[in-house]
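Visitor: I'd like to go through this one with you, starting with the overall picture and then picking out a few places. Could you show it to me first?

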Amino acid sequence: NYLSLLLSDREAGFNEVNSHISAVFFYLSMDYLLKEAEDPRFITGRCANIIFKGEVIGVLGEIGPQILENWGIEMPCTGAEIDLDFLIRTKS
């Protein structure tokens with residue numbers, strides 16, 4: 001099971017989506033790291049893997065313009081996903 005989010009706003013950016021992920025980890029009393037990543041869904045240089053206890057458990061970033069165009073979306077978007085099953089197993 002994954003927790004996913006998509007933000008759409010004229011000012012949507014990497015820092016905004018990271019702040020939402022940061023809030024999730026804060027309320028879970030868990031720490032995470034970000035490591036720059038390449039993912040065809042996101043803009044190069046504006047994408048990162050979410051790392052928890054040395055494992056990649058998700059990704060976040062700014063959705064690439066070609067993806068937005070393919071869907072007819074004119075507003076900038078950012079997104080993220082986290083493997084909740086991994087977090088639950090690790091938290092227990």
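Visitor: What radius of gyration does the protein have, and what would a compact globule have?
Guide: The protein has a radius of gyration of 13 Å, which agrees with the value near 12 Å that a compact globule of 92 residues would have; the radius is taken over C-alpha atoms, and the globule rule is 2.2 Å times the number of residues to the power 0.38. Along its principal axes, the C-alpha trace spans about 40 × 20 × 20 Å.

Visitor: What should I know about the model before we go on?
Guide: This is a predicted model, in which local features need pLDDT of at least 70 and side-chain atom pairs count only at pLDDT 80 or more, while totals for chains, interfaces and linings use all residues. Residues are numbered from 1 along each chain as its sequence is written, and side-chain values use heavy atoms, with hydrogens and water left out.

Visitor: How many helices and strands are there?
Guide: The protein has 3 helices and 5 strands, and along the sequence they follow the pattern β-α-β-β-β-α-β-α. Helices (H or I, at least four residues) and strands (E, at least two) are DSSP runs, numbered from the N terminus.

Visitor: And what share of the residues is buried?
Guide: Of the 92 residues, 37% count as buried, where buried means under 20% relative accessible area, exposed over 50% and partly exposed in between, with a 1.4 Å probe and protein chains only. The accessible surface comes to about 6000 Å², of which 52% belongs to carbon and sulfur atoms; these areas come from the Shrake-Rupley method with a 1.4 Å probe, and for residues only the protein chains shown count as cover.

Visitor: Let's switch to pockets. What volume does the largest pocket have?
Guide: Its volume is about 200 Å³. On a 1 Å grid over the protein atoms alone, a pocket is an open set of points with protein on both sides within 12 Å along at least five of seven lines, whereas a cavity is a set where a 1.4 Å probe fits but cannot get out. Grid points are joined across faces, edges and corners, and the volume is the space filled by probe spheres set on the points.

Visitor: Which residues lie nearest its centre?
Guide: The largest pocket is lined by 14 residues, and Leu5, Leu6, Phe42, Ile63 and Gly79 lie nearest its centre; lining residues have an atom within 4 Å of a point. The elements that give two or more residues to this lining are β1 (2–8), β4 (55–63), α2 (65–70) and β5 (77–83).

Visitor: How does that lining divide by residue class?
Guide: The lining of the largest pocket divides into 10 nonpolar, 2 polar and 2 charged residues. Here Ala, Val, Leu, Ile, Met, Phe, Trp, Tyr, Cys and Pro count as nonpolar, Asp, Glu, Lys and Arg as charged, and the others, Gly among them, as polar.

Visitor: Where is Gly61, and is Gly61 buried or exposed?
Guide: Gly61 is in strand β4, and at 0% relative accessibility Gly61 counts as buried. Not counting residues up to four places away in sequence, Gly61 touches Phe14, Val17, Phe42, Arg46, Cys47, Thr78 and Gly79, contact being heavy atoms within 4.5 Å.

Visitor: What about His20, which residues is that one in contact with?
Guide: His20 is in helix α1 (14–27) and is partly exposed, with a relative accessible area of 35%. Leaving aside neighbours within four places in sequence, His20 is in contact with Leu5 and Leu7.

Visitor: Now the loops. What is the phi of Ser29?
Guide: Ser29 has a positive phi of about 55° although it is not a glycine. Ser29 lies in the loop between α1 and β2 (33–36), and is exposed, with a relative accessible area of 65%.

Visitor: And the phi of Lys53?
Guide: Lys53 has a positive phi of about 50°, and is not a glycine either. The loop between β3 (42–52) and β4 holds Lys53, which is exposed at a relative accessible area of 61%.
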